[in-house]
Amino acid sequence: MKIAVIGTGYVGLVAGTCFAESGHEVTCIDVNPRKIQALRRGEVPIYEPGLEELVRRNAAAGRLHFTEELAGAVGPAQVVFIAVGTPEGETGRADLQYVLAAAEQVGRALRQYTVIVDKSTVPVGTADKVHEVIARHTRCEFDVVSNPEFLKEGAALEDFLKPDRVVIGTRSERARKLMAELYAPFVRTESPILFMDPCSAELTKYAANAMLATRISFMNDMAALCEKVGADVEQVRKGMGADKRIGYSFLHPGIGYGGSCFPKDVKALTATARDVGLEFDLLRAVENTNARQKRCLLTKALRHFGDLSERTFAVWGLAFKPKTDDMREAPSVELIEGLLGKGARVQCHDPVAVESARRYFGDRVLYAPTCYAAAEGADAIFLVTEWNEFRHPDLKRLKATMKSPTLFDGRNVIDPRLAREEGFTYFGIGRPSAS
Ligand code: NAI
């Protein structure tokens with residue numbers, strides 16, 4: 001099949017590359033010329049494990065192309081994916097300007113029956129809107145399908161090639177057959193294609209993200225309660241997760257969710273509810289808890305040190321989660337801005353996100369080549385992203401070069417007993433405090 005993918009971000013590039021890997025001829029389109037030029041050279045502009053190798057292999061095999069020319073790619077395609085951004089817009093609603101602009105361009109470029117797929121996360125009713133926009137600009141037959149993406153950054157290839165499920169919203173038998181053929185290489189008995197109406201497909205994506213965000217905020221509230229009553233949230237978590245009805249996934253307390261999806265998707269779902277006269281109070285609480293949690297390490301540091309001015313702090317991890325360089329809505333941003341605002345110096349380290357971080361902090365912070373270099377002369381370490389390399393640090397080595405051996409473990413990855421035995425003052429999330 002000939003496929004066009006509009007938008008070469010985390011979702012579009014991964015989807016396009018995986019469809020090429022399964023033998024289709026794919027052209028990826030982006031309005032950003034620098035991205036297209038880099039991709040043509042075989043350079044992937046984002047960090048995603050395994051992606052560069054797969055892009056190069058499929059490009060070399062002549063199955064994967066990159067262009068800024070939308071019409072030339074969409075004209076001959078049987079399936080066109082729209083995978084552009086849907087950032088937070090007015091009063092929390094998803095901003096559909098990029099999706100609708102792409103739809104208009106698609107409408108002008110159609111040459112034959114084509115299936116247009118909404119891959120971006122879009123609110124209920126968007127498939128109809130996209131249909132309307134395209135219909136205004138073409139006489140060709142076409143169907144619009146809702147096919148939200150569930151991949152996780154950091155494990156995007158694995159998630160796309162072996163999805164838990166594929167959700168396809170369409171009422172057209174013709175589109176349904178084409179989509180089933182396209183996804184056949186990736187689905188198994190235990191990971192089916194779920195066909196449904198477009199509205200339900202659109203809502204499924206938001207419901208899934210909102211549920212995951214809810215679990216995180218629930219555990220963060222639980223952690224706050226544990227700190228007050230002297231319980232250890234890690235013990236509570238194990239006790240809860242062992243219940244098969246609950247399970248262990250997404251039960252980790254931390255410093256709040258970030259990234260390009262959860263924050264905006266929770267807001268957008270709340271807005272969708274509001275638009276039809278419902279108040280989704282639960283999701284408002286989820287957001288409030290998250291906002292508090294993103295400040296919790298700074299609050300702990302202020303409580304411990306009092307004045308932070310003239311102090312030096314190491315920040316381990318900048319990306320919003322491990323195995324990505326994505327800094328969008330990362331908890332590190334709020335923490336670092338908070339520390340700088342209080343007059344502190346910040347020395348940070350991240351295995352891959354330094355270039356992304358420069359866009360946020362410029363030269364207001366020091367970028368250290370290793371986590372040990374970041375900790376040199378520091379009053380405390382803030383462990384912000386749970387990269388594997390931060391899980392078992394050499395505490396003796398750290399203590400020898402730090403000004404005062406203090407650790408704020410925002411991800412509960414260091415054993416508090418071990419840290420204290422090595423002479424560290426340790427603060428975790430929802431764990432009995434150092435005193
Ligand atoms: P992104 O911001 O990384 O990439 C979007 C790309 O689209 C950019 O490169 C931009 O230049 C391009 N673009 C915008 N308008 C265009 C146009 N008219 N023609 C061609 N290119 C255009 O976005 P990302 O993260 O890939 O997300 C895309 C969508 O997928 C969003 O709706 C997001 O919510 C959703 N999603 C994202 C996931 C993630 O982990 N990043 C996971 C699942 C869904």
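I began with Asp 30, where a polar side-chain atom sits 2.6 Å from an oxygen atom of the ligand. A reminder to myself before going on: this is a predicted model.

Next I looked up Thr 86, which also brings a polar side-chain atom to an oxygen atom of the ligand, here at 2.5 Å. For Val 11 I found a backbone N or O atom instead, 2.9 Å from a ligand oxygen. I then checked how covered the ligand is: on its own it exposes 830 Å², and the protein buries 89% of that.

Who else is around it? I counted 24 residues surrounding the ligand. Asp 30 and Thr 86 are among the closest, together with Lys 35, Glu 153 and Lys 264. Sorting the shell by class gave me nine nonpolar, eight polar and seven charged residues. I also asked which domains supply the shell. Domain 1 (2–196) and domain 2 (205–292) each provide at least three residues.

Then I moved on to the second largest pocket, with a volume of about 360 Å³. I found 20 residues in its lining, and those nearest the pocket centre are Pro 123, Val 124, Ala 271, Thr 272 and Asp 275. Helix 6 (126–135) and helix 11 (262–275) are the elements that give two or more residues to this lining. Which element gives the most? That is helix 11, with six residues.

By class, I noted twelve nonpolar, three polar and five charged residues in the lining of the second largest pocket.

Last entry: where does this pocket lie relative to the domains? Both domain 1 (2–196) and domain 2 (205–292) give residues to its lining, so the second largest pocket lies between them.

Note on methods
Residues numbered from 1 in each chain as written. Predicted model: local features only at pLDDT ≥ 70, side-chain atom pairs only at ≥ 80, totals over all residues. Heavy atoms only, no water. Near = heavy atom within 4 Å. Polar contact = N/O pair within 3.5 Å; in protein donor to acceptor, adjacent residues only side chain to side chain. Areas by Shrake-Rupley, 256 points an atom, 1.4 Å probe, with all protein chains shown as cover. Nonpolar A, V, L, I, M, F, W, Y, C, P; charged D, E, K, R; others polar. Domains from an automatic or database assignment. 1 Å grid on protein atoms, 1.4 Å probe; cavity = no way out; pocket = protein on both sides within 12 Å on 5 of 7 lines; lining within 4 Å. Points joined across faces, edges and corners; volume = space filled by probe spheres on them. Helix = DSSP H or I, 4+ residues; strand = E, 2+ residues; numbered from the N terminus.
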